[in-house]
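This briefing covers a helix, the strands around it and a loop residue. The sequence and structure come first.

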Amino acid sequence: MAGKFEIKTTDTGKFVFSLKAGNGEVIAVSQNYATIAACKKGVASVKNNAPVAKVEDHTVEPVEEVTNPKFEIYTDKAGETRFRLRARNGEIIATGEGYKTKAGCLKGVDSIRRNAPEGEIVVID
């Protein structure tokens, strides 16, 4: 089963998307967008950038910097490993949940690479 992008309206009238894997698990979320058109552009950016993005690991020293687009892997304040996907222009276009292990986080990155390119867009009312 293929992944999908679900676009929803927030309580404040903004728009956000979630990328869900084929099993229904949320693997990435977006920032708030002012319009549904802008949100759909964000989805298109994830579809285009995720398959070619390299990984920049901030959990090890020294950090080996790579060019955008990239997945930045980092440890959050709670000690969990997370990722954020940056587009070619450096903007953060998707973020992942906290994972207990870096291996789990890297599986999340791989899941985005597999699910984003062909993910259908579903607008939830």
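**Helix α1 and its surroundings**

In α1, the residues C39, G42, V43, S45, V46 and N49 are buried (under 20% relative accessible area, with exposed meaning over 50% and partly exposed in between; 1.4 Å probe, protein chains only). Seen down the axis of α1, these buried residues fall within an arc of 160 degrees, so they line one face of the helix; the arc is that of the directions from the helix axis to the C-beta atoms. This is a predicted model, in which local features need pLDDT of at least 70 and side-chain atom pairs count only at pLDDT 80 or more, while totals for chains, interfaces and linings use all residues. Residues are numbered from 1 along each chain as its sequence is written, and side-chain values use heavy atoms, leaving out hydrogens and water.

*Helix α1*
- K41 and N48 are exposed on the other side of α1.
- The buried residues of α1 pack (heavy atoms within 4.5 Å) against β1 (4-9), β2 (15-20), β6, β7 (92-95) and β8 (120-123).
- Helices (H or I, at least four residues) and strands (E, at least two) are DSSP runs, numbered from the N terminus.

*Strands β6 and β7*
- β6 and β7 pair in the antiparallel sense over three bridges, pairing requiring that DSSP finds at least two bridges between two strands.
- R86 stands opposite I92 in β7.
- The hairpin of β6 and β7 has five residues between the strands, and G90 there takes a positive phi near 90 degrees.

*Residue D76*
- D76 is found in the loop between β5 (70-75) and β6 (81-86).
- D76 is buried, its relative accessible area being 16%.
- The side chain of D76 makes a polar contact with that of R82 at 2.6 Å (a pair of N or O atoms within 3.5 Å; within protein, one must be able to donate a hydrogen and the other to accept it, and residues adjacent in sequence count only if both atoms are side-chain atoms).
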